[in-house]
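Me: I would like a close look at one part of this model: where the chain starts. Please take me through it step by step, in plain words.

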Amino acid sequence: MRIGELARATGTTARALRYYEQAGLISSQRAPNGYRIYDEQAVIRVRNIRYLLATGLTLDDVRVFLPCLDGDVAAAPPSDKGLRLALERLTVLNERIAAQTEVRDRLEAALRQTTEGRIRPVA
């Protein structure tokens, strides 16, 4: 299948697919006219990549899962390396959330002091 067909089948863009290919996560053959041609297995691989990205992992993180990207990543038992990586990513996300919450709380307090009740904070 060509890149546009793979993009439609996986709910992504051709640009993202080219990026995944550049990152070494997917591969294609070239037709005589230079078009990228992907096999049917690429649909599963791209869906798995998108699943892992949606869980908060980065594209670099996804490389850890290369050996299992052609199977059912969501249902497969995680490897020790995969679990460590996910826990590290969770720690980073929790730290970012805590930092953002702190900034929000400071802004909210500053607004309360400044407006003296004239403006209600948005919940």
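Reply: Start with M1, which sits in the segment before helix 1. A helix here is a DSSP run of H or I with at least four residues, numbered from the N terminus. The model is predicted, so local features need pLDDT of at least 70, side-chain atom pairs count only at pLDDT 80 or more, and totals for chains, interfaces and linings use all residues. Residues are numbered from 1 along each chain as its sequence is written, and side-chain values use heavy atoms, without hydrogens and water.

What does M1 touch, leaving aside residues up to four places away in sequence? Its partners are L6, R36, I37, Y38, D39, E40 and V43. Contact means heavy atoms within 4.5 Å. R104 is another matter: M1 and R104 are 103 residues apart in sequence, and their C-alpha atoms are 47 Å apart in space.

Now move to helix 1, residues 3-10. Take its packing against helix 2, residues 14-22. The two axes lie 9 Å apart, at an angle of about 100 degrees. Each axis is a line fitted to C-alpha atoms over the stretch in contact, and angles run from 0 to 180 degrees between N-to-C directions. Helix 1 is therefore roughly perpendicular to helix 2, a label that covers 65 to 115 degrees. Helix 1 brings I3, L6 and A7 to the contact, and helix 2 brings A14, L17 and R18. Five of these residues are nonpolar, none is polar and one is charged. Nonpolar means Ala, Val, Leu, Ile, Met, Phe, Trp, Tyr, Cys or Pro; charged means Asp, Glu, Lys or Arg; the others, Gly among them, are polar.

The crossing is right-handed, with the near helix turned clockwise from the far one by less than a right angle. L6, A9 and T10 of helix 1 make this contact with A42, V43, V46, R47 and R50 of helix 3. By class, the contact has five nonpolar, one polar and two charged residues.

Look again at L6. L6 touches M1, meets helix 2 and takes part in the contact with helix 3. V43 of helix 3 belongs to that contact too, and V43 is also touched by M1.

Technical notes. Helix = DSSP H or I, 4+ residues; strand = E, 2+ residues; numbered from the N terminus. Parallel < 35°, antiparallel > 145°, perpendicular 65-115°, else oblique.
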